[in-house]
Amino acid sequence: MATFKIAIIGAGSIGFTKKLFTDILAVPELRDIEVALTDLSARNLDMIKAILDRIVEVNHLPTKVTATTDRLQALDGARYIISCVRVGGLEAYADDIRIPLKYGVDQCVGDTICAGGILYGQRNIPVILDFCKDIRAVAEPGAKFLNYANPMAMNTWAAIEYGKVDTVGLCHGVQHGAEQIAEILGAAEGELDYICSGINHQTWFTDVRLKGRRIGKDELVAAFEAHPVFSQQEKLRIDVLKRFGVYSTESNGHLSEYLPWYRKRPEEISRWIDMSDWIHGETGGYLRHSTETRNWFETEFPQFLEAAGKPLDHKKRSNEHASHILEALETGRVYRGHFNVKNSGVITNLPADAIIESPGFVDRFGINMVAGITLPEACAATCLSSINVQRMSVHAAVTGDLDLLKLAVLHDPLVGAICTPEEVWQMVDEMVVAQSQWLPQYAHAIDGARERLSRATVKTRDWAGAARRQVRSLDELRAERQAARAAG
């Protein structure tokens, strides 16, 4: 009989679910468990279950894998719940990017704050609270909720403050930033140590050490500017490093959305972004990438299944936090990572109610955060601007207060640098009408928003953005991949 149960909500995200699963199986004490998969798509569930069953069979493991579209059934008796959902899918996400662009708000990702991230939170938070209600009803007492879904801070804030569930938010931005720093400094595995603190997607490397030696701003700047790739791809991050004195965890494209100075004028945007990959600042880059790759798991399913038939290399474990947290809680082996939790004084110059991302240690006593961290003043100021937007956005999502939602968008740093209040009010009306099927808390306000739009006076425009690649069809992508295979 399985020792405990893990439920994964949104398990139809096949590649990520497979990564989480194989990470967990890398821990011997975590193999005799049940992993319950749940998703709205029965087809995706069938595919991911076939892949995971194959892994279990080939490696002769006692792990039990179940799959159901009935969320309550999956959560029943679960000790840990992992969420990686995207409410509204790409249909709603396209509006997060397309509608603000008509008002001049040019986003690369739009899933954290900015107009797109705020509306993303409005869709996700009611669903997150439904998850929490089910967890309280049927999961194991004291169950822990591990949230991977964006907008990370808003979702985690809602789950803790309103869902009343023990929740931690998990992201991999810190790990990716650390990998860059290790590369530019030529650090071997285990030689780089760092403290990173702030809020999700605005976390700052406040202390970087190579083999115990403190690395200062000037040395980091010189190393980044000497790197043949990062010097081109991370121009904005390097400029922020020069001005703030510390490096940001977040990608060039993401960071450009949170700091209004770089993305508010079309003629300026191209100075700071790089088009070699979407993540470096392309207009709607993540939407294009997601649209083009959304069905690869279907066309590549035989390859996924074939790969699942090979013995696991348990030494190949990703740097995603989830399996390490589970290992620490279940075995007592200490794990150090960076976690999204309620501040409560951990970072001295950020509000107590904010969701921070900061260092912590996990063992059988739980997640224990390193307290007494003070951010550099510029970093704290930048974080505070986003925290104020997040707080209003969460409260608007819970109460269905459309006026508060508009105020949240108005106070977003990038939106506020571009739009007038009249433009913000009309843009939010347009977004809630377009996404009304995923916004039950605003049902009472949709007719009014629609009526206001019918007599709208603010002129919008069809603008492709500062730098955008054309979205390619799945057939075009298949042809490209086939040509690449034939050539190589």
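Predicted model: local features only at pLDDT ≥ 70, side-chain atom pairs only at ≥ 80, totals over all residues.
Let me begin with Cys383, which is buried, with a relative accessible area of 0%, where buried means under 20% relative accessible area, exposed means over 50% and partly exposed lies in between, for a 1.4 Å probe and protein chains only. Residues are numbered from 1 along each chain as its sequence is written, and side-chain values use heavy atoms, with hydrogens and water left out.

Staying with the cysteines, the closest cysteine sulfur to that of Cys383 belongs to Cys379 and lies 6.8 Å away, which is too far for a bond, given that a disulfide is defined here as a pair of cysteine sulfur atoms within 2.5 Å. The structure as a whole holds zero disulfides. Cys196 is likewise in no disulfide, and its nearest cysteine sulfur, that of Cys379, is 9.9 Å away; Cys196 also counts as buried, because its relative accessibility is 0%.

Turning to the overall chain, there are 22 helices and 13 strands, taken as DSSP runs numbered from the N terminus, with helices being H or I of at least four residues and strands being E of at least two. Of the 488 residues, 56% are buried, and the C-alpha trace spans about 65 × 55 × 55 Å along its principal axes.

Now to strand 4, residues 80-83, where both faces are covered: Tyr80 and Ile82 are buried on one side, and Ile81 and Ser83 are buried on the other. In a regular strand the side chains alternate between the two faces of the sheet. Strand 4 pairs in the parallel sense with strand 1, residues 5-9, over four bridges, where pairing requires that DSSP find at least two bridges between two strands. Within that pairing, Ala7 has Ile81 as its bridge partner in strand 4. Strand 4 is also joined by four bridges to strand 5, residues 144-147, again running parallel, and there Ile82 stands opposite Leu146.

Which residues line the largest cavity? They are Trp157, Ile160, Glu161, Lys342, Asp353 and Ile355, a lining residue being one with an atom within 4 Å of a cavity point, and a cavity being a set of points on a 1 Å grid over the protein atoms alone where a 1.4 Å probe fits but cannot get out. Helix 6, residues 152-161, gives the most to this lining, with three residues.

How values were computed. 1 Å grid on protein atoms, 1.4 Å probe; cavity = no way out; pocket = protein on both sides within 12 Å on 5 of 7 lines; lining within 4 Å.
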